[in-house]
Amino acid sequence: MKKAGICILSGAVIAILGAGLFTYTTLRGATGYHSDWLNVGFFPYDEWQIADDTEEFHSAEYAVSSLEPEPARIKSWDGCRYLSAEIDHAELVLNGGADWGITLSGISEDELEFQNDDGHTYLRIDGDALSDSVTKRIVTLTIPDYLKEAQLNTVVGSISIRDLKIDTLTAYNIGNILLEDVQSESCGLSCDSGDITLTDTTAAWLNAQTNAGSIDIQNSAFQSTTLSADTGSIRFSGNPGDFSFYTDTGSVDLSIDGTRNDYLISAETSVGSITAFGVRINGTDTSFGSDNARYSGSIETDIGSITVSDE
């Protein structure tokens, strides 16, 4: 009789432990299992995870695996060809290199999400918790030459890109954007409030716009260039190819490579002056250059002067 009671009691204990383990495992599976290396579970894709121009993931539940290592432990993902990065309240620095690498300054690793998903790498820094910190927050990311496309977004932070070769580059932020020694097929840059600066940069197509800031491009060449600054000036030296420059309030200074016969340019200003190749032009609407030019361009400013030279 005692043996039977012991068996019944043991069975009850095992059942209770089994039920507890099942409940714990279920809860952990529902909320996600977290470790220093792996985060496996269910969590919603946010709007920053964009697969392409037409497909966005919002709040649907997906089972995923994400890697959250220390920056020094990030491994090379040879199959990765696309990068999507969203950085909150921090400066993003991108450098070209042979392999992946990342360092954090003034940022906790708890804020870092780094995931490789079938050739698409997602990088996110959540900076809400330390948005009021006086410490300068910098994310320095090295990306390999074989990367084909990068989509960058910073919230209250600048973007600096150097020594990079990439097919498609898009960057949006509230802050400054700097490109130096960058080669790209397609390049789109946009600032809500900040300056856009390019040096020694080449691309088949460039579209750069800022709502409150200036655009300064030096020693660069493009096949097609579109620049827009609502409040701020535009300075360009090099070869813009076929171009369109517009400012609402600000001056435009264009210094072209080659000769004036390479371009046919129309210029218009509502309040300001126009100077073409050292000659002050009467009126606020004119065109100059060669009818047989390789390139054509337009410059328009509502309030500001226009200067074009070949020096």
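Student: Which residues is Ser160 in contact with, leaving aside neighbours within four places in sequence?
Tutor: Ser160 contacts Glu91, Leu92, Val93, Leu94 and Leu178. Bear in mind that this is a predicted model. Ser160 itself belongs to strand S11, residues 159-173.

Student: Why is Ser160 called buried?
Tutor: Its relative accessibility is 8%. Buried means under 20%. So Ser160 counts as buried.

Student: What makes Gly97 buried?
Tutor: The cut-off is under 20% relative accessible area. Gly97 has 16%, so the label holds. Gly97 is part of strand S5, residues 91-97.

Student: Which residues does Gly97 touch, beyond four places in sequence?
Tutor: Thr142, Ile143, Pro144 and Asp145. Take Thr142: Gly97 and Thr142 are 45 residues apart in sequence, yet their C-alpha atoms are 5.9 Å apart in space.

Student: Why are Cys187 and Cys191 called buried?
Tutor: The limit is again under 20%. Cys187 has 1% relative accessibility, so it is buried. Cys191 has a relative accessible area of 1%, so Cys191 is buried too.

Student: Which residues have the most contacts inside the largest nonpolar core?
Tutor: Leu152 and Leu189, in a core of 60 residues. Not counting residues up to four places away in sequence, Leu152 touches several others, including Leu83, Leu92, Ile161 and Tyr172.

Methods
Residues are numbered from 1 along each chain as its sequence is written. This is a predicted model: local features need pLDDT of at least 70, side-chain atom pairs count only at pLDDT 80 or more; totals for chains, interfaces and linings use all residues. Side-chain values use heavy atoms; hydrogens and water are left out. A nonpolar core is a set of buried Ala, Val, Leu, Ile, Met, Phe, Trp, Tyr and Cys residues joined through side-chain atoms within 4.5 Å. Buried means under 20% relative accessible area, exposed over 50%, partly exposed in between (1.4 Å probe, protein chains only). Contact means heavy atoms within 4.5 Å. Helices (H or I, at least four residues) and strands (E, at least two) are DSSP runs, numbered from the N terminus.
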